Amino acid sequence: YNCDFCVHGDDIVVSADGHDTYHEVKAAGRFRTVPRTEGVSTTALVGRMLLMTKEHHTSHDDDQSPLQNLPTKHISELAQGNSKRSPYTGVSHFLPTSRKIVQFSERKEPTPEDKVVYVDGGFDLFHVGHIDFLKQAKQFGTYLIVGVNTDKHINVVKGRGYPIMNLHERVLSVLSCRYVDEVIIGAPWFLSEEMIKNHRIAVVVHGSVYDYGNKEDGFVEDIYDVPKKLGIYKAIESPRSLTTTDVVKRIIANYHSYQERNAKKEAKELVFIQSRE
């Protein structure tokens, strides 16, 4: 593939036999590392998804959450690890700072010639469905602003167990997307004419896939009423049907596999760490 370098985070990656996955690349002098965002990892999100929702998850379609049938002890072990000795496996806690946000941001402003596009949403567990939607939305202009809704709003429309990722984590996820130029942190639920004018929004794009489980009476009103009246609202067919709820259901369905995976992963990491001491 004519690759000059292989880049990975500064966490430990070991193969099935417990050896450094990238030892050959390192020996060739073509390996580079970048610092991980502290407190954020796939393992942590999987654990948080199960551990946090065992007390707060509410059903969207049925009277009972599927998590209520999972043993609490095993969920805690999956989320936190039995020994909690490996610094790379288990639940971590993300602390947002202004420096982190600047690192992820493009740090550019729209020019007078730019056509500003606006989209909003929860963007929880940022996945390929979100990315494809943002890519398509960007095509309606030259500068894409994404409004990321507050934890409170997501809680109301989806249930107390959501969002899995807090506002700052979701903001960093969206900022990391190449199609996004700017993010509004804690975007208002209803888009006002004042906000549209202040940000020079020319197009408001909304996808066809909804991931709202429990719509409260306070949110029945059309939140895009203003952009529709201004003639700048554009409804598009979402490129994918994947939702955050789908991802959560997959994790729950395969929870035993994740439990086993985390246990093996931590054991290999500990052996590797000890071999380097």
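Q: Does Tyr-233 count as buried, partly exposed or exposed?
A: A quick note first: this is a predicted model, where local features need pLDDT of at least 70, side-chain atom pairs count only at pLDDT 80 or more, and totals for chains, interfaces and linings use all residues. Residues are numbered from 1 along each chain as its sequence is written, and side-chain values use heavy atoms, with hydrogens and water left out. Buried means under 20% relative accessible area, exposed means over 50%, and partly exposed is in between (1.4 Å probe, protein chains only). The relative accessibility of Tyr-233 is 22%, so this residue counts as partly exposed.

Q: How much of the protein chain is buried?
A: For orientation, the chain has 11 helices and 7 strands; helices (H or I, at least four residues) and strands (E, at least two) are DSSP runs, numbered from the N terminus. Of the chain's 277 residues, the share that counts as buried is 43%.

Q: Among contacts between residues at least 6 apart in sequence, what share joins residues at least 24 apart?
A: Contact here means heavy atoms within 4.5 Å. For the protein chain, the share of such contacts that join residues at least 24 apart is 80%.

Q: How are the rings of Tyr-22 and Phe-31 arranged: stacked, tilted or edge-to-face?
A: Rings of Phe, Tyr and Trp (its six-membered ring) pair if their centres lie within 6.5 Å; planes under 30 degrees apart count as stacked, over 60 as edge-to-face and the rest as tilted. The structure holds 3 aromatic pairs. In the pair of Tyr-22 and Phe-31, the ring centres are 5.1 Å apart and the planes lie at 35°, so the arrangement is tilted.

Q: Are Tyr-22 and Phe-31 buried or exposed?
A: Tyr-22 has a relative accessibility of 19%, and Phe-31 has a relative accessible area of 15%. Because of these values, Tyr-22 and Phe-31 are each buried.

Q: Which residue forms an aromatic pair with Tyr-224?
A: Tyr-224 itself is buried, at 5% relative accessibility. Its pair is tilted, with 5.4 Å from centre to centre and 40° between the planes, and the partner ring belongs to Tyr-233.

Q: Which charged residue sits over the ring of Tyr-233?
A: A charge sits over a ring if NZ of Lys or CZ of Arg is within 6 Å of the ring centre and within 35 degrees of the ring normal. One example is Lys-158, whose charged end sits over the ring of Tyr-162, 4.0 Å from its centre. For Tyr-233, the charged end over the ring, 5.0 Å from its centre, is that of Lys-228.

Q: How many residues of helix α7 are buried?
A: Helix α7 spans residues 167–175 and is mostly covered. Its buried residues include Leu-167, Glu-169, Arg-170 and Val-171.

Q: Which residue forms a salt bridge with Asp-181?
A: A salt bridge is a side-chain nitrogen of Lys or Arg within 4 Å of a carboxyl oxygen of Asp or Glu, and the structure holds 8 of them. The closest N and O atoms of this pair are 3.2 Å apart, with Lys-138 as the partner of Asp-181. The pair links distant parts of the chain, 43 residues apart: Asp-181 is in the loop between α7 and β5 (182–187), and helix α5 (residues 128–138) holds Lys-138.

Q: Which residue is linked in a salt-bridge network with Lys-138 and Asp-181?
A: Lys-138 is buried, with a relative accessible area of 17%. Leaving out residues up to four places away in sequence, Lys-138 touches Tyr-143, Leu-144, Tyr-179 and Asp-181. The network of salt bridges links Lys-138 and Asp-181 with Lys-108.
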